[in-house]
Every structure is written in structure tokens, then in C-alpha cells.
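Here are a few notes to read alongside the coordinates.

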Amino acid sequence: MKEITGTHIIIDISNIEDISKLMYENETILIMDKIVNKYNLNVVKKAIHQFQPFGVTGVYVLSESHLSIHTFVDERKVAMDLYTCSNTRVFDDINDLIKSLYGNCEIIFKVIER
């Protein structure tokens with residue numbers, strides 16, 4: 001039997017009405033900070049890249065693994081990955097958290113036990 005050592009959540013967020021949350025690094029940093037604070041994750045290093053004229057890629061290296069966000073402003077979507085060495089049940093409310101961060105949107109996510 002395979003021993004589960006981590007949880008990888010792949011989240012695709014689309015049809016985001018408020019594209020201002022996708023355009024600039026300050027909004028992405030706020031969102032990433034809210035996620036790590038909500039789940040008590042420990043940030044080791046942050047890397048954020050602001051594309052011109054808009055769009056952001058952010059990666060937080062966590063002591064538990066990583067959180068990444070890639071925004072696609074013209075397509076009104078976000079690709080997010082959260083991989084941790086934590087139990088999946090900790091993230092039961094991830095759908096509600098995403099809605100609170102991005103507002104009205106569609107969310108598809110996949111949970112992979114690794």
C-alpha cells in the first residue's frame with residue numbers, strides 16, 4: 001500500500017469577473033499571503049514576477065512544499081498549485097476561500113495524494 005506523504009491541489013479558476021485581482025503583483029501577493037495564513041503554512045522564500053503590461057506569476061516556497069499562482073488577465077483565469085506535506089482534510093474549505101479571494105468565478109480543482 002502506498003504511503004501518502006503529501007497533498008497536491010491543482011486549481012483552475014476561470015470566468016473571474018473582477019480582473020483587477022489578476023493584473024498586478026500587489027493583488028497576487030495579498031491573495032497568496034491570505035492562503036498561507038489561512039492554512040498556517042510557512043513561507044521560506046517568495047518569487048513574484050510582474051509581466052508587462054499586466055499579469056503575474058508568483059511562487060512561494062514553503063517549508064511544507066510550494067504555492068504557485070499564474071494569472072491570465074485576457075482569459076480571466078488563474079492557474080494555482082498548492083502542494084503540501086499536510087492532510088487533505090485541512091483544505092476542505094479551499095473552494096470557499098477561493099471564492100472569497102476572487103469573487104464570482106468558476107473553480108475546478110483536483111486533489112492528488114502523493
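Contact here means heavy atoms within 4.5 Å. Please also keep in mind that this is a predicted model.

1. **A residue in strand 3.** Let's begin with L62, which is found in strand 3. Not counting residues up to four places away in sequence, L62 touches V36, L41, N42, V43, V44, L67 and L82. One of these, N42, is 20 residues apart from L62 along the chain, and the C-alpha atoms of the two are separated by 5.3 Å. Is L62 buried or exposed? L62 has a relative accessible area of 5%, so L62 is buried.

2. **A serine in strand 4.** S68 lies in strand 4. With its neighbours within four places in sequence left aside, S68 is in contact with M32, G58, V59, A79, M80 and D81. S68 counts as buried because its relative accessible area is 8%, and the cut-off for buried is under 20%.

3. **Strand 1 and its partners.** Strand 1 is joined to strand 5 by 7 bridges, and these two strands run antiparallel. Strand 1 also pairs with strand 6 in the antiparallel sense, over 8 bridges. I13 is a handy residue to look up here: its bridge partner in strand 5 is V78, and its bridge partner in strand 6 is I107. For H8, the bridge partner in strand 5 is Y83.

4. Which residues of helix 3 (residues 94-102) are buried? They are I94, L97, I98, L101 and Y102. These residues cover an arc of only 110 degrees around the axis, which means that they sit on the same side of helix 3. D96 and S100, on the other side of helix 3, are exposed. The buried residues pack against strand 1 (7-14), helix 1 (20-23), helix 2 (25-38), strand 4 (66-72), strand 5 (77-84) and strand 6 (106-113). Just after helix 3 comes G103, with a positive phi of about 75 degrees.

5. **Salt bridges.** How many salt bridges does a search of the whole structure find? It finds 3. As background, side chains of opposite charge can pair when their charged atoms come close.

   - K46 and D33 meet through their side chains at 3.3 Å, N to O. K46 is in strand 2 and D33 in helix 2, 13 residues apart, and the pair links distant parts of the chain. K46 is partly exposed at a relative accessible area of 46%, and D33 is partly exposed at 22%.
   - K38 forms a salt bridge with D93, with the closest N and O atoms 2.9 Å apart. K38 lies in helix 2 and D93 in the loop between strand 5 and helix 3, so this pair ties together parts that are 55 residues apart in sequence. K38, with a relative accessible area of 42%, is partly exposed, as is D93 at 26%.
   - E75 and K77 have side chains that meet in a salt bridge at 3.3 Å, N to O. E75 is partly exposed at 49% relative accessibility, and K77 is partly exposed with a relative accessible area of 32%.

6. **Cysteines.** The structure holds 0 disulfides. C85 counts as exposed because its relative accessibility is 54%, whereas C105 counts as buried because its relative accessibility is 5%.

Conventions:
Residues numbered from 1 in each chain as written. Predicted model: local features only at pLDDT ≥ 70, side-chain atom pairs only at ≥ 80, totals over all residues. Heavy atoms only, no water. Buried < 20%, exposed > 50% of the residue type's maximum accessible area, 1.4 Å probe, protein only. Helix = DSSP H or I, 4+ residues; strand = E, 2+ residues; numbered from the N terminus. Arc of directions from axis to C-beta. Disulfide = S-S within 2.5 Å. Pairing = 2+ DSSP bridges. Salt bridge = Lys/Arg side-chain N within 4 Å of Asp/Glu carboxyl O.
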